[in-house]
Amino acid sequence: MSMKKTYWKGLDEKDQSPEFVQNSNKEFREDLSVDEFIGSEAIGDFQTGRRDFLKFLGFGVAAATLASCETPVIKSIPYVNKPEDVTPGVANWYASTFYDGNDYSNILVKAREGRPIWVKGNKDFGLTKGGITPRIGASVLNLYNSDRLRGPVKSGEPSEWSVVDAEVKGKLKDIAANGGKIRLMSNTVISPTTQKIMYDFLDSLAPVQRVARFDAITGQPMYDPETGEQLFDGIEMNESDVERVEYDATSYSAMRKANEESFGYRSLPTYDFSLARVVVSIDADFMANWLMHTKYNVDFAETRKPEKREDGEQWMSKHFHFESVMSLTGANADSRCPIKPSEQGAVAAAILKYVTGKDLGVAVSDEIDAYAAKAADKLKEHKGQSLVVAGANDKGIQLIVNEINHALNNYGTGKTIDLNKEIYLKNADDAKVEELVNDVVGGKVDALLIVGANPVYSLPNGDAFGEALANENMLSVSFSEFADETASKCTYICPDHNYLESWQDMSPSLGEYAIQQPVIRPLFDTRQMQETLLVWSGKAERADKESKTYYNYIREFSKKWFFPTSKDYSTFDEFWNWTVHNGSSINNTDIWTAEFKNPSLPAASSLKSSDAAWEVVAYQKSGIGEGQYTANPWLQELPDAITKVCWDNYVTMAPADCYDLFNITGNEKGKWDGLYIEQETPVNMVNVTVGEQVLKLPVYPLPGQARGTIGVALGYGRAENQEAIGSAAFQIKLDQTGDYDLDADGNKKPIGGNSYKFTSFVNGSIRYYADADVADANEKYFLACTQTHHTIMGRTSILRETNLESIISGHKDDYNPAHELHVHTKGHGEHVNATDVSLWDEHPVEFVGHRWGMSVDLTACNGCGVCIVACHSENNVPVVGKDEIRRARDLHWLRMDRYFSSIDDDARARWEKDKRAEGNDWSYANLEVPEDNPSVVFMPMMCHHCNHAPCETVCPVAATTHSNEGLNMMAYNRCIGTRYCGNNCPYKVRRFNWFNYRDYRKFKHVNNSQDEMARMVLNPDVTVRSRGVMEKCSFCVQRIQEGKLNAKAESRAVADGDVVTACADSCPNGAIVFGDWNDEESLVRSKTSGDRAYQALEEIGVKPNLWYQVKVRNVEEAAELAHVDTADEPHNEEH
Amino acid sequence: MKFHWTNRLRVATFITVLTFLAAIPVKAQDGKSLFKANCASCHKALKNSTGPMLQGAKARWTDAGEADNIYKWVKDPVGLANSGTSPYAVQISEYSPTAMTAQGHLTNEEIDAILDYADNVKPVAKTAVASSDVDGKDGQEEGGALLWIILLIVVFSVVIFAARGVRKQLAYVVAEKEGEEIELNKSIKEKLGEWIVRNWKFTTIAFVLLAVTGGADLMKRGFQVGVYADYKPSQPINYSHKLHAGEMGIDCKYCHNSAEKSKHAGIPTVNVCMNCHENVVESDYRLGSTENIAKIHAAAGYDSETRKYTGNTSPIVWNKAHNLPDHVFFSHAQHVNTKTGNIDCKQCHGNVPTYGLGRVSTTEEINQLAGTDGIIPLTKPLLTMGWCLECHNEKAVDLTKSDYYKELHGRLKSRPDFLRKISEDDKITVRELGGWECAKCHY
């Protein structure tokens, strides 16, 4: 069998569908769908006859002439009192912390003239070490969402704080006096001060019996170190009428419960992935969504470095992954096994069996068994240095996982799981949530205050909850920033500040103390939730925007609680100032030893997998997550890491299931329909039914999806009742009008459907999968998918991958040989290195001044997409919306190519044969069935800044030229838009700016620069390009210029870190390294001269300033190189 | 000779009068300048300020019976108050918590001159409107010229039409008399056509001339589009650089203080103005100066009577004089900072200490300064790309000035061929280091 790997970005590329072939032969897929355009009803709006055209032309000339006569007067308004730290034109950086109930991250915020414009991870301080997600990167745009509430709301009408304060306070008092039920529902609060304020607030309403706080470590009651007072931990839950309930939309309740049974304490431990040599994940997407993924992602990247380490060792972790829908983590796994969601218990049991010998008697398929055995073998090899994690919110599975980890000796200080250092995220108890929800729906609650959560949207029975909320007999108060699904049903909305406007303290884990500091003055008449509660509990007076009430509260609390345990500071001011400056500090913590209590494991019957034909998984995407930011256009425009679909929700389904469901057989035309996603090729829609709930969604055939399962992302279907959560939250018509797509009733259609409706409370915890029915809806739907856009025909040498073994014991020439070209000199042929042959003289960049270079490590890159958002935000890249993306007119300067790969030919043929065979059981063990379980490579692709740039030579107006620092420069004002450069670019990274995105009506609801609020996020150092010019990655030339200037002003040479592009700056895993290649000390220089460094398409001789590092997997078999000697390749003849 | 004596008398009278006349202004002028130099920062002539109002000061001392002590007071106020000999000195030293600065260098005559000047200052009528700047080119009346031209065109066309009508009538009359037949039914178009054919030489020449001059003019105008040289927008405050930067010698970077750190030189924020104008409340620098200062106070929310801030601020909306297109990135820090370009402000802004309102200089003006402070003469209009490039082509970079450039120099040395090429003319210019590359300014 041939072992040649083939790479394909989508099924259409793999199968070479006619449309794909046609499109990829064109450099631009700009064809307007003329039929649709002419057929459009809106055509009447813009009919332009010849005479009109001439009139416009004449007027245009006249107007242009007139306009040029007058000198426009530009106003300039300096500060009255300039803040001391602000210098106009110079950015300020503030350390802060991001926490929204789902993601936690220590961040740095860049502000220009008092406006936050860019967010990155804090690599120097804090738990998360620079780890962020696209959601956090794009969070700065949420601040400027013009649908944010601008003041308090009462019964849907704008109100005054004084009115709301008086009324709510009075009503609460009355309810409390009459013994009514008052509930404060919030997502997990990790702010110690907020917790105290919440308890104090509830205390102020009703005298309640309180429970003494006991030290988790010693079991003794705790006392205030300063006053000596005994401490109480809140409220006796059962006796009282006043309660606080925490609710997480994506819950880890079962995991806490399992830990309680295993170790006697309802906690979540600290996981240290950086110590793990083997990681087995059962549906835990720890790189993008699972628990404190921002930290795990960075830690895990530490273990994925194939080079020799400082201690002389050379190793890489081995990563096994079991899951249904291909997640970011699964795509990066060394070994990935597709399973049904109901098989998770069986997988855990199988691993337990192989690790400990304990057989729970759960039936499991042979294929899964084989995978589990392999994983268990590796785990046993690395006892104490391994880690098993499970994503299921299911106590039984978590108990088994605990048992496995215990057997593997993974618990303990300095080991992969530190129980003693508990984390405080995701504290919800689903049983209590269920009880509360039942109480609310049953009309038993008299007052409900909702903080941070959006239960009407995210509860399984959100609609019923919403109806109960709208009942006027209950006092309902929301603290939401938006009148969202939940808030709009509440009588009072007391809008909270955005996180960039707030002070906050946080304790994400034991001993970690972090501060969130405001970066901008509150934009609207909002008030921080904590201050509102203080006012209502009579502990503070209502203050204005500049209120320091809560700030002082945090300070006092910090002085009392955290400063005394601080290791590094002697005075409180010092402690405080440095904590604010760094964003966090570490305190002393006691160490205890958890005892494993050997809890009884679940019965086999509870782990049995489902027999249903279809199972649906409600999963989180790395861009949209839980759905708080569905209306953020940057996140919608970000192609999904795996499917590369933008602006949409869809059902992921195994391609083989698609063939069956839609009767796609043979090589007929029908086969292409619905499988391949192209501009003019819609996909099929299906109805997914779970119990009473039905969602109609388009189908995306996702290679690697477990058969018999479908995935529907959470976070879509927001604002079904037209709630104002942002203009980009709704579907836009696929025409030039840019209007909302309205349904029959004239309502705006939400994007996708709400898959929280598929979740359910099972045994006291929320389950995120269910048995389902799937039926063809006999409808078609257009998806905007970038997966085959900008395809580089036949140039698969662009990717190189190998395995760890080759890196350790092999030679560079085996896995990363130089490209050789066949040249004919004086009548005989010889092979020379491709880099030695050139049409042109060398461009004088070496050793002259700077030479900016970049190295991208394909091993470290996990495709998360943070860089894309960072680039979007740094470089004012316009948002173009779904219709334009469908036409391959996305403007991302940096794209993340996702390649599936499979072993070619033989396996494919066999698969085709198998598929037709009757009674085929779709063997998972057969790894290399192309779309059944492909492996994945992510490749960030941006301008390569070629020293022999093909784009430069063809520009008729010299708008793109080369600098002596190695940059391929783009002068927009010179560009006349011939697009020759885009034609000539071998990497297809040049983008044509098709429209006036700032004004054209098509983009009115999606493009943030058409919104007077949202345009405040634009970076003033980068031109907002106009229509008709080419644009592309500039290597963040504005940052290069700034870095050089800083070095000059300080009279020193440019060093590493002075100049960092936005993508490199934000990459959590350090996959992108940028610097001065001419500086022999620089990191980029040493990276690019390493054994793994290669240049994409080196053989075509464009001499890029961008190097890739060969992708290394920890697998047994090395992939054969796509092709080494390009001289033999047919496509080479074109050149 | 007849008028000899009278002439003498006249000369004598003339000289006397002249001396007399001259003596008064000289003395008054001295008093004024002495006042300005020594007292004005605390005292006003007509108003209490940091120090009490000076008008009538002499009289007040005299009334107190200590006419002579005024000199001692001015020269050593603390000494006099502590000497126990002057009750009035003790009384007035309680005027403000700030003790008066001793002015020991003044002579009694000079003190007299100052006090005389103060006594003679007349209140300025408040109705005076802030009028034109000292160099008299305040604002731009672009609309005016255009209006005149249109008016003239209208008048001339009326005259021409009238004359034509009269001529036509006369022609009819003549024709009628001579019995010629008039082709009344010919349209103007046809007539014009005939006329053109008749005078084809003239019309061709006229057409070519018109096309050439028109085209040339259009091109010339085209090149002026977006050129800001000599641009001086009106401003909400009639600020004078001549006074502040010129006469008072305040450094440019005192007010434009971000020039060394940021891309923007910065329009001074109101609190910078208030560093001086908290005390400098009035000025007779020119008509309307006090009103202009009052505008600063209004912006800062400052009550000059009570000398307190009300907190009621309103920012000043200036009109930007130096405008670059949006796609141009220009950094003052890169050019002005001593460790980077170290270029004198004059190179691009001209002799600002002679200007009133902020304005864009002209190439000619700047070239007059050439040779001083390293100013390079240039030819292109200001703020055009050609002008930038011209300078980048001329300006030499000192590669020894900092470690940044030393490192650069070191790298260049490893490519001697390249280094030799660029240093052929004994200097390495900005251009030779990449200063002409697009992405240095456009991104």
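Buried means under 20% relative accessible area, exposed over 50%, and partly exposed in between (1.4 Å probe, protein chains only). Keep that scale at hand for the exercises below.

The model is predicted, with local features needing pLDDT of at least 70 and side-chain atom pairs counting only at pLDDT 80 or more, while totals for chains, interfaces and linings use all residues. Residues are numbered from 1 along each chain as its sequence is written, chains are lettered from A and ligands numbered from 1 in the order in which they are written, and side-chain values use heavy atoms, leaving out hydrogens and water.

**Exercise 1. Classify the salt bridge between R1052(A) and D1058(A), and say how accessible its two partners are.**

Step 1. Start with the criterion: a side-chain nitrogen of Lys or Arg within 4 Å of a carboxyl oxygen of Asp or Glu. R1052(A) and D1058(A) meet at 2.6 Å, N to O.

Step 2. R1052(A) has 24% relative accessibility, so it counts as partly exposed. D1058(A), at 23%, is therefore partly exposed as well.

**Exercise 2. Find where R183(A) and E243(A) sit, and decide whether they are buried or exposed.**

Step 1. The closest N and O atoms of this salt bridge are 3.7 Å apart.

Step 2. The pair links distant parts of chain A: R183(A) lies in strand β8 (residues 182–186) and E243(A) in strand β11 (residues 242–246), 60 residues apart. Strands here are DSSP runs (E, at least two residues) and helices are runs of H or I (at least four), numbered from the N terminus.

Step 3. Both R183(A) and E243(A) are buried.

Step 4. Now take K1004(A) and D739(A), whose closest N and O atoms are 2.6 Å apart. They come from two loops of chain A, 265 residues apart: K1004(A) between β42 (991–992) and β43 (1030–1031), D739(A) between β29 (709–713) and β30 (760–762). K1004(A) counts as partly exposed because its relative accessibility is 33%, and D739(A) because its value is 30%. Over all chains, the search finds 69 salt bridges.

**Exercise 3. Assign a geometry to the ring pairs F322(A)–Y371(A) and F995(A)–Y1000(A).**

Step 1. Recall the cut-offs: rings of Phe, Tyr and Trp (its six-membered ring) pair if their centres lie within 6.5 Å, with planes under 30 degrees apart counted as stacked, over 60 as edge-to-face and the rest as tilted. The whole structure holds 50 such pairs over all chains.

Step 2. For F322(A) and Y371(A), the centres are 6.4 Å apart and the planes at 80 degrees, so the pair is edge-to-face. F322(A) belongs to strand β14 (residues 318–323) and Y371(A) to helix α13 (residues 366–381) of chain A, 49 residues apart. Both F322(A) and Y371(A) are buried.

Step 3. For F995(A) and Y1000(A), the centres are 5.2 Å apart with planes at 0 degrees, so this pair is stacked. F995(A) is buried, with a relative accessible area of 15%, whereas Y1000(A) is partly exposed at 25%.
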